Amino acid sequence: MSKKLCGTNYPLSICFIVVNEFCERFSYYGMKALLTLYFVTYLKWDKDLSTAIYHAFSSLCYFTPILGALIADSWLGKFKTIIYLSIVYVIGHVVKSVGAIPTVGNTDVHIALSMVGLILIAIGTGGIKPCVAAFGGDQFDEEHVSERQKFFSIFYMSINAGSLLSTLITPVLRGDVQCFGGDCYALAFGVPAALMIVALVVFIAGSSLYKRNPPQGNILLQVCKCIGFAIKNRWRNSKQEPKRKHWLDWAEEKYSKRLIQEIKMVLRVLILYIPLPMFWALFDQQGSRWTLQATRMNMAFGDSFNIKPDQMQMLNALLILLFVPIFDLIIYPLVGLCKIKITPLRKMATGMIFAALAFVAATLVEINVVKTVVDPAPAGKCLLQVVNLVQGDISVKIPNNEIFPDTFAYLQDPPKYEMLELETSRTDLNIEVSFSGSKVVCQETFEEQKAHSLIIYKVDTLLQCMVVEDNIQKNTDGKPFVRFFSTLQEAMNITIGEVNFYAPPGYRMSSNDTVDRREYPSVPCDLQSEDCPDLNLGLLDFGASYTFILMKESGKIVAEKMEDVKANSVHIAWQVPQYVLLTAGEVMFSITGLEFSYSQAPSNMKSVLQAGWLLTVAFGNVIVLIVAEGAGLEQWKEFVLFAGLLLGVCIIFSIMSIFYKYVDPEGMDKINLEDSKEEDETDEKKISMKLNKSAKSTRM
């Protein structure tokens, strides 16, 4: 008899299982929250490839549960499957963490280690997914049904608690801890690896307390064999024998009527699953497209707190914990009072609509976000802006390119980049600059698909030109870019936070680097020949790129600010509505879908429907992978596409649900009981016929 927890009917062993699940989910979601930014910033992949690999990994995590279920049911049992695949899981995390150490090999080594690590993690997390919850349910005695139901609620809470904490903590470890000269991905991946080791150790520690059911054969495999036999038998004999009511009836020669009846029930539900991947295609973009959207938004909450773009994913777990009781205790009863019949399939269709509305909200946010983004120039063109350091208005003319009709004021912050046509990929152009009646022609080189600043300054009485390449890409973690152009005759060192800049003398540009977003009213600087007063740089805001012109005004050194790329003007709080809508959709779609699948399946077929449900998630991620790599749309158009597709799928699903007849679980048990009686009677008749035949042959 298993040990009980504090005099209750709860087995002591479930404590180890719940803690194991919390640590495992912390490990998985903590690692996954960082993946997209890791691909973009560390592996230097573009956004589309990063999104595709992220969803390929997510898809693999939901294909491998079938492998785990086969191993557990047909070979090792749940306990050993969890142990062995958790070891694979840990190895994957360790390999992934090592791949995030910059000093370990080159970029190819980092990519190889990262991909091997992710594959091992997918095998581990997917393989144990169908085993852990079921193993926890096995610990209860048959008569303790209510305790088992409460266990699953606690189990679900541990999943969301692990997800919530990990998506808060691991982005902080990534961004706030610096190692190897940048964001500390090695530490941020290492902590989830450590939590997975803890999960494994805790699970093993409870070994002596577990109730272990031996593997009893895989029902999924049996279902596949029955379906295969029915198809093959129908193909062979359909011309010779009379037609049967259902194509599965062709399996009656080998399989019991009860099994065939149960498979028919399951197939009716699986057909309803066909449209469902589109919901998951939208839902799982929280960690990819929505995270990338967050990097181009203002992440400041007050003067002292900045949220990380990958931390916004924690909203989903937090809102789930809030919404589940709200929907169950308030919303559904209120809708019921309005005499609206609430069925599971209606809930799921409504959940799809909410998810589509979430992407409509994401589209509106994206349209405003891109207003601060500078689009790169296409082939055959480049971007150009003018910075006037001459004390007076100037005009700039480029042959065959009338892109600057207006004059430029002294220290005018360039309003925007203009598109400049180029004849070749690298073109020399003559630039005519006019100032106070005098003209000068400068010859400068421009490269296609790049952004340039044309800086006009004066040395003594002569106008001079200089073209520098600009960075127009917003930083993926939102930090602003800063550089210094010095008009001084002496080199200067400037320290912003923990970042040091060297500004070379004589009209030259410093290197470009990122700094923390905040106000900088007093930045220390250093000159050899004289005291350097602290510089007032003002607010360096999220997503901006700044060029500071160092010069002397009235005998004092000052830094004049030029904003090459505008700061992120849309606050990240505008993402909250899309998270609220999507989570509301998840509560109505996902939780209801699981309950529906459970209630509509025979008792021994629930694992088959669980596998089918997980496959809808896998195929949903495949859809995103295809669209991200193949569509090539602007982001807001891609969001509209997904919203439209889901609404279309919702209509199809709603029509399909009209023709679905719900099965009463109690009635299902009666059907199974009657079928088993019929089979017993048939077997008895067969036996008596054989006895009669043998008796006749004996008489003869």
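Biologist: Where does Asn160 lie, and why is Asn160 called buried?

Modeller: Asn160 lies in helix 4 (residues 145-175), a helix being a DSSP run of H or I with at least four residues, numbered from the N terminus. Its relative accessible area is 8%, and buried means under 20%, exposed over 50% and partly exposed in between, with a 1.4 Å probe and protein chains only, so Asn160 counts as buried. This is a predicted model, in which local features need pLDDT of at least 70 and side-chain atom pairs count only at pLDDT 80 or more, while totals for chains, interfaces and linings use all residues. Residues are numbered from 1 along each chain as its sequence is written, and side-chain values use heavy atoms, without hydrogens and water.

Biologist: Which residues is Asn160 in contact with, leaving aside its neighbours within four places in sequence?

Modeller: They are Ala317, Ile320 and Leu321, where contact means heavy atoms within 4.5 Å.

Biologist: Why does Lys254 count as exposed, and where is Lys254 found?

Modeller: Lys254 is found in the loop between helix 6 (219-237) and helix 7 (257-273), and because its relative accessibility is 56%, Lys254 counts as exposed.

Biologist: How much of the chain counts as buried?

Modeller: Of the 700 residues of the chain, 51% count as buried.

Definitions and conventions
Helices (H or I, at least four residues) and strands (E, at least two) are DSSP runs, numbered from the N terminus.
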